[in-house]
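Visitor: I have a model open and would like to learn how to read it. Where shall we begin?

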Amino acid sequence: MPHLLMIGECMIELSQNNELGEYKQSFAGDVFNTGVYIKRCLKDSAQVSFLSVIGEDKLSTQFLNLMANEQINSRYLYRCKSNKMGLYIINIDQYGERTFDYWRENSAARQLMQLIKQDSDKMAFSSVTTLFFSGISIAILSPDDLQDFWKFIKCRRSQGCQIVFDPNYRPALWPSPEHAKDAFEIAYSLSNVVLPGVDDHKNLYNHQTAAEIASHLEAKGIGEIIIKNGDLEVLVSARGRRTKIDIIPVTEVVDTTSAGDAFNGGYLSARQNGKSVKDAVIYAANVAGCVIQHKGAIVPKACFDTAITP
Ligand code: ADP
C-alpha cells in the first residue's frame, strides 16, 4: 500500500469570527492540510503519516484527536515537553482583507531533526513510498538541522522513495532571499515532483511567467513540474513536454487560504490512483475549487466528501 509521509509544521489557528472580536480555534499547516486532502481522496487505499513535533499540552492533544478523525497516522509524530505548537491569528481589517500574526519562533516543530537523530532506530521509515515537504518545512530548521534534513532526504531517495516539494515561499521565515534560494535549489535537485506557484517564483526569483519557471526547473531533471497560478492555467512539464491545462474559475470564492495545499493533495492522490499527469491536474483543480468555496484551510469533511469522489 502507498505510504505518504508529510513533513512540516501544523499550527494552532485562531480566526476572527465576528465583530465582537471572538476567535474560532482550529489547526492548519501547509503539508498537514495536503495530507488531510490526500487521505480524504484515497481513503483506505493509502496510508498518510505526519512527521512533526507537537507539545504535551491540551491543545496538542486536541490536534492528535483531529489527526485520528482524519485517519492521519501519528506514528511519526513526536511530543516534546519544553515547546508547544506554533500559533497564528487571522485578523480581518476594516476593508475585509485578511492579515496574519504568527507566534512560531519557539514552536515544537523546530525540534524535529534533533528528535529524529535521537530516535533513529525507531524511525526506520522503511514503508514510506512518498515523502512531501515544503519551503516552510525547511525554513523553520536551523542551518545545522537543515544539513541533517538534506541527508535524511537523500537517504530516503536512495531507498527509492518519491520526493515531492512545494516551495511555498514565505519571506518572513528566511534570514534573506539568498538563503531561501540556496535551500530551494537543493530541494528541487532532490525532488521527483515539484508543485510551485507562480507567485513563489515571482517573489523569490523574479520569474514573471510560468514558462520562465519551467525553463529554470527543467534543467534540474525533475520528473513532474506542475506550476500553479491561481485561477489561470496550470503549466505542466513532464517527460520533455509542456502542457497547459485550463482552470475553470470559481465564481463564489470564499477563502483561498489552502488552495495550493488542496491542489497538491488532489494531484498526489490522483497520481497514486494511476491517473495521467493531465487528468491528475484536472482532479486537483476540482479539489482546490471545492476547498476555496468554504471557510478555513481544512473544510468540513461532509462538504468535501459530497463534492469530491475518489
Ligand atoms: P497557492 O495557494 O499555492 O498560491 P494558487 O493560488 O496558485 O495556489 O491556487 C492553487 C490552485 O487552486 C490553482 O491551480 C487552481 O486549481 C485553484 N484555484 C485557485 N484560485 C482559484 C479560483 N479563483 N478559481 C478556480 N480555481 C482556483
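Guide: Start with a loop. This is a predicted model. Thr-251 sits in the loop that runs between β13 (241-245) and α9 (259-272).

Visitor: Is Thr-251 buried or exposed?

Guide: Read the relative accessible area. For Thr-251 the value is 77%, so the residue is exposed. The cut-off for exposed is over 50%.

Visitor: What is the distance in space between Thr-251 and Ala-262?

Guide: Go from C-alpha to C-alpha. The two are 18 Å apart, with a sequence separation of eleven residues.

Visitor: Which pair can I set beside that one?

Guide: Take Gln-62 and Phe-27. They are 35 residues apart along the chain, and their C-alpha atoms are separated by 9.4 Å. Gln-62 belongs to helix α2. Its relative accessibility is 38%, so Gln-62 counts as partly exposed.

Visitor: Now helices. How many residues does α1 have, and what is its reach?

Guide: Count residues, then compare the end-to-end distance with the expected one. Helix α1 has 13 residues. From first C-alpha to last it reaches 18 Å, close to the 18 Å expected at 1.5 Å a residue.

Visitor: Why is α1 described as largely enclosed by the rest of the structure?

Guide: Look at burial along the helix. In α1, 13 of the 13 residues are buried, so the rest of the structure largely encloses this helix.

Visitor: Which side chain does Asn-33 contact?

Guide: That of Asp-261. A polar contact of 2.9 Å joins the two side chains.

Visitor: What happens to phi just after α1?

Guide: Just after α1, Lys-43 takes a positive phi of about 50 degrees. Lys-43 is not a glycine. It lies in the loop between α1 and β4 (47-54). With a relative accessible area of 34%, Lys-43 is partly exposed.

Visitor: What is the phi of Gln-71?

Guide: Near 60 degrees, a positive value in a residue other than glycine. Gln-71 is in the loop between α2 (58-69) and β5 (77-79). At 49% relative accessibility, Gln-71 counts as partly exposed.

Visitor: Which residue takes a positive phi just after α5?

Guide: Gly-160, with a phi of about 95 degrees. Now apply the length check to α5 (residues 143-158). Its 16 residues should span 22 Å at 1.5 Å a residue, and the end C-alpha atoms are 23 Å apart, which agrees.

Visitor: Which residues of α5 are buried?

Guide: Asp-145, Leu-146, Asp-148, Phe-149, Trp-150, Phe-152, Ile-153 and Arg-156. Note that the list includes Asp-145, Asp-148 and Arg-156, which count as charged.

Visitor: What does the length check give for α6?

Guide: Agreement again. Helix α6 (residues 177-189) has 13 residues and should span 18 Å at 1.5 Å a residue; its end C-alpha atoms are 18 Å apart. The buried residues of α6 are Ala-180, Ala-183, Phe-184, Ala-187 and Tyr-188. They cover an arc of only 135 degrees around the axis, so they lie on the same side of α6.

Visitor: How is empty space found?

Guide: A probe the size of a water molecule is rolled over the atoms, which shows where empty space is left.

Visitor: How many cavities of 30 Å³ or more does the structure hold?

Guide: One. The largest cavity has about 40 Å³ of space. Its lining consists of Ile-7, Gly-8, Glu-9, Ala-109, Leu-112, Ser-137, Ile-140 and Leu-141. By class, that lining divides into five nonpolar, two polar and one charged.

Visitor: And pockets? How much space lies in the second largest pocket?

Guide: About 460 Å³. It is lined by 21 residues. Glu-13, Lys-24, Lys-295, Gly-296 and Ala-297 lie nearest its centre.

Visitor: Which strand supplies the largest share of that lining?

Guide: Strand β3, with four residues. β2 (11-16), β3 (23-28) and β6 (87-92) each supply at least two residues.

Visitor: What classes make up the lining of the second largest pocket?

Guide: Ten nonpolar, six polar and five charged residues.

Note on methods
Residues numbered from 1 in each chain as written. Predicted model: local features only at pLDDT ≥ 70, side-chain atom pairs only at ≥ 80, totals over all residues. Heavy atoms only, no water. 1 Å grid on protein atoms, 1.4 Å probe; cavity = no way out; pocket = protein on both sides within 12 Å on 5 of 7 lines; lining within 4 Å. Points joined across faces, edges and corners; volume = space filled by probe spheres on them. Expected span 1.5 Å × (residues − 1). Buried < 20%, exposed > 50% of the residue type's maximum accessible area, 1.4 Å probe, protein only. Arc of directions from axis to C-beta. Polar contact = N/O pair within 3.5 Å; in protein donor to acceptor, adjacent residues only side chain to side chain.
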